[in-house]
Amino acid sequence: VQLQASGGGLVQAGGSLSLSCAASGHMFSQYFMGWFRQAPGKEREFVVTVTRSTGSTYYSDSVKGRFTISRDSANNTVRLQMNSLKPEDTAIYYCALKWGFLRGTDFPTLVNDYDYWGQGTLVTVSS
């Protein structure tokens, strides 16, 4: 499985950007696709994840209400719309995929939960 991320760039605080991630290769029907980010000198952190089958989502508190993830199940792609961006959103954003389905509200939020990773795309928010 390969993940190809696109989008990102430079934007002023308060602006918007969108990221996309396309998965290819041998795909199963049940998986999560999510986004993580890593700022300079910091650990990679969870941003959001979505289930392929139902579109159920889970957001980190830091982006809730500002970011929206959507998925195209037929094409195995996800899109992350980022609004009201802040300088602290500056990071390399990575898309990731985990096989499996949602049990209750047990969304995968740890780096080690995910099986595949994209190459990362830089988002820079200037103040």
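Q: What should I know before starting?
A: This is a predicted model, where local features need pLDDT of at least 70, side-chain atom pairs count only at pLDDT 80 or more, and totals for chains, interfaces and linings use all residues. Residues are numbered from 1 along each chain as its sequence is written, and side-chain values use heavy atoms, with hydrogens and water left out.

Q: Is strand 4 mostly covered or uncovered?
A: Strand 4, residues 31-38, is mostly covered, with seven of its eight residues buried. Buried means under 20% relative accessible area, exposed over 50%, and partly exposed in between (1.4 Å probe, protein chains only). Strands (E, at least two residues) are DSSP runs, numbered from the N terminus.

Q: Which strands pair with strand 4?
A: Strand 9 (residues 91-99) pairs with strand 4 in the antiparallel sense over eight bridges, and Phe-36 has Tyr-94 as its bridge partner there. Strand 5 (residues 45-51) also runs antiparallel to strand 4, joined by six bridges; Met-33 has Val-50 as its bridge partner. Two strands pair if DSSP finds at least two bridges between them.

Q: And what lies between strand 4 and strand 5?
A: Six residues lie between the strands of this hairpin, and Gly-41 takes a positive phi near 80°.

Q: New topic: which residues does the disulfide join?
A: The disulfide (a pair of cysteine sulfur atoms within 2.5 Å) joins Cys-21 to Cys-95, with S to S at 2.1 Å. Cys-21 is in strand 3 (residues 17-24) and Cys-95 in strand 9, 74 residues apart, so the pair links distant parts of the chain.

Q: Are those two cysteines buried or exposed?
A: Both Cys-21 and Cys-95 are buried.

Q: Why is the disulfide right-handed?
A: The disulfide is right-handed because the torsion about the S-S bond of Cys-21 and Cys-95 is about 55°.

Conventions:
Helices (H or I, at least four residues) and strands (E, at least two) are DSSP runs, numbered from the N terminus.
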